[in-house]
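Student: I would like to take a close look at a single part of this model. Please guide me through it in one connected answer.

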Amino acid sequence: MQMTKKLLVRDLLVHPNLIEDWNLTDWDLVIQQGYATGLLARAYSILRKNDLLKSIPDSVLWHFTSAYKLYLAHQLDIQAEIDFVTKALSYAKIQPVFLKGAAYTIAKDACHDGRLFVDIDIYVDIKELAAAEQVLKWSGWKGEELDAHDEKYYREWMHEIPPLTHVTRGMTLDVHHNLVPLTSRVSIDGKLMADSAKYVSSLGLCVLSPEDRVLHSSIHLLLDGEFEKGFRDLSDIDMLLREFSTSDNAFWHKLVTRAESLKVGRILYYCLRQTRQMFNTPVPDDVMNKASKYRPFQIIDWVMNTCFERVLFPGHHSCRPKFYNLASNFLFIRSHWIKMPSHILIPHLLYKAFVTPVKEWKLRKNIEKNDLTG
Amino acid sequence: MKLSDLDYIDIKHYLKTTGLSFFAGSFSVNLKSKIPSIAKGVMQLYGDSKINQTDFSDFHIVLKADSGIRRWIRPRVEFLLSDRAPFFPMPYEQAFPLLEWGLNWCVTNHCHEYLVIHAAVLEKNGKAIILPGIPGSGKSTLCAALVNTEGWRLLSDELAIFDPVKNTILPNPRPVSLKNQSIDIIKSFSKTAQFSPTVRDTIKGSVAHMKPSYESVVQRRIPAVPRYIVFPKYNKDSNLGLVSITKGESFLELAEHSFNYQILGEQGFTSVASILDKCDCFKYVYDGDLSSAIDQMETLIADD
């Protein structure tokens with residue numbers, strides 16, 4: 001991969017000691033890349049753990065400390081929100097499985113420290129979904145008003161219901177009833193993952209097992225078709241892999257076996273390849289070889305990896321590889337192709353192309369008026 | 001070196017190439033733009049600002065006009081911080097106001113070392129007056145009039161940046177934003193003040209920016225100690241003047257006017273408390289008579 005472009009934010013995350021040789025121009029760039037990727041708070045956490053805060057120049061330091069303060073405030077909100085969600089669902093005796101950012105926080109995975117996220121994702125069994133929606137509504141969560149098309153999109157095709165927002169606190173809750181879209185060509189039995197979800201004993205809260213956390217994050221990173229936060233999400237996976245493989249010798253074996261039984265070996269292959277390439281993740285060769293059994297036909301393998309390695313770079317001009325847009329458009333189209341069969345996909349795209357823009361334009365007109373205050 | 005040491009050609013050249021690095025108030029900015037109104041606005045209103053000769057800038061900002069077909073049909077301009085666009089694009093003519101709003105946003109959204117309050121701050125004889133205010137309160141007009149009065153220094157027309165460690169206000173002297181009728185009021189109040197061209201039909205109505213005084217800009221490193229909090233309230237039929245209010249009431253108001261009170265948590269609470277420890281608090285109902293308003297502020301400062 002082209003390493004001519006400076007990817008300092010990656011260097012900082014993976015080899016923090018390198019910062020001791022940085023000059024002010026490097027710091028100038030890393031702050032920009034940090035803002036572009038939303039990773040300044042994570043960077044701060046890593047520098048602090050490595051006792052390197054003293055090596056940050058005075059004029060630069062506040063960018064890190066402010067980002068971290070913002071993170072701490074978000075954490076308080078998130079912790080409270082996790083309790084609210086748990087409490088609300090307990091009225092219907094439903095135990096949700098927390099996913100993504102909330103799960104990292106609950107499980108205290110290393111990547112949670114400094115990671116910002118604005119909404120909470122939970123999984124509930126489809127049989128409990130109606131009851132869950134009901135009790136959440138009673139406790140103040142409200143769904144966005146959607147038109148009939150979008151309602152159908154979520155209810156019949158997707159793996160989650162329309163996002164809920166709490167009326168007073170404003171926090172968003174995504175309720176999943178499967179882990180990939182129902183119509184997807186890559187199907188996973190969400191129940192299978194949820195059944196092996198583990199309690200984090202001290203809190204009485206439920207998250208996926210370590211292997212499944214990695215696989216679930218990889219599936220969303222590589223199949224959702226949106227890569228705006230791709231670099232951050234790949235960094236999550238890198239950190240999860242490093243942490244789990246250090247604390248559990250059998251982790252790599254479990255991960256590969258689990259991917260095989262969930263039939264997502266190919267996703268694991270792409271993901272390990274990308275994280276190794278970007279973050280130099282210490283994936284043992286035999287694990288890579290096992291995962292490589294699931295690589296596709298040579299030319300497809302080449303196309304896919306070439307695209308992934310482009311879009312997973314931060315969206316900042318200083319490190320954006322050539323053909324970034326081409327790769328990103330290709331993967332976006334592919335993600336839709338995978339998400340839905342063509343008899344659903346084509347009418348959906350036509351609707352999004354011609355009906356939604358008019359609706360959004362009207363909406364935007366209203367928002368613009370209230371957007372800039374101060 | 002100041003921006004006014006460069007000529008217009010240089011400023012345009014930097015804006016188009018490496019970016020123009022200078023101090024916008026207390027923060028260093030690297031600004032890129034090919035839009036002429038940005039070059040003119042910066043030249044006209046930031047002339048006294050220091051050029052940043054280090055290799056580090058706090059905020060890398062680009063103001064980008066539409067390309068392609070949109071250049072010709074209702075062109076728009078976009079504000080980018082580190083290549084990310086936090087706002088919807090605005091009409092092309094509003095590029096300079098968008099830069100100013102964007103710079104405020106940069107501070108309120110990223111700077112949590114300080115408690116940032118939506119307020120104007122002015123200082124005389126080492127005593128600072130904080131003027132928090134909702135739009136329409138007459139805060140900006142009063143602030144602009146004081147800036148044009150001998151002996152008063154502008155710390156900020158929008159953002160009171162309180163340092164919880166030093167218990168002082170960090171100056172952030174930047175152009176003063178004026179809206180609608182206040183533009184003409186201040187133009188007739190001061191014959192010497194310099195203004196950017198008025199931009200009409202923005203989301204806030206007509207907007208013009210006034211150049212801060214030279215003294216305010218060169219003293220940007222000198223913090224000020226808060227001494228008074230005055231909540232202005234414009235009412236064309238009333239000239240009630242200064243009315244003392246309780247610290248409890250002021251506490252709630254200040255917290256409400258803060259951008260990052262929640263984010264700072266306990267530090268936000270102690271910051272507001274330590275501002276109030278030092279300050280007397282007033283409501284100020286005035287009918288828009290600026291010379292009488294200035295007299296009252298002068299008396300307040302002189303009293304102690």
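Student: Which domains does the domain assignment of chain B give?

Tutor: This is a predicted model, in which local features need pLDDT of at least 70 and side-chain atom pairs count only at pLDDT 80 or more, while totals for chains, interfaces and linings use all residues. Residues are numbered from 1 along each chain as its sequence is written, and chains are lettered from A and ligands numbered from 1 in the order in which they are written.

Chain B is assigned domain 1 (3-110) and domain 2 (115-303); such bounds come from an automatic or database domain assignment. The C-alpha centres of these two domains of chain B are 25 Å apart. Their contact involves 18 residues of domain 1 and 23 residues of domain 2, where two residues are in contact if their C-beta atoms, placed from the backbone, lie within 7 Å.

On the side of domain 1 that touches domain 2, β1 (20-24), α2 (36-45) and α3 (95-110) of chain B each give two or more residues. Helices (H or I, at least four residues) and strands (E, at least two) are DSSP runs, numbered from the N terminus. The largest share of this side, seven residues, belongs to α3(B).

α3(B) also has a place in the contact between the chains. There, 23 residues of chain B meet 24 residues of chain A. Both α3 and α8 (261-264) of chain B supply two or more residues to the side that touches chain A, and α3(B) gives the most, with three residues.
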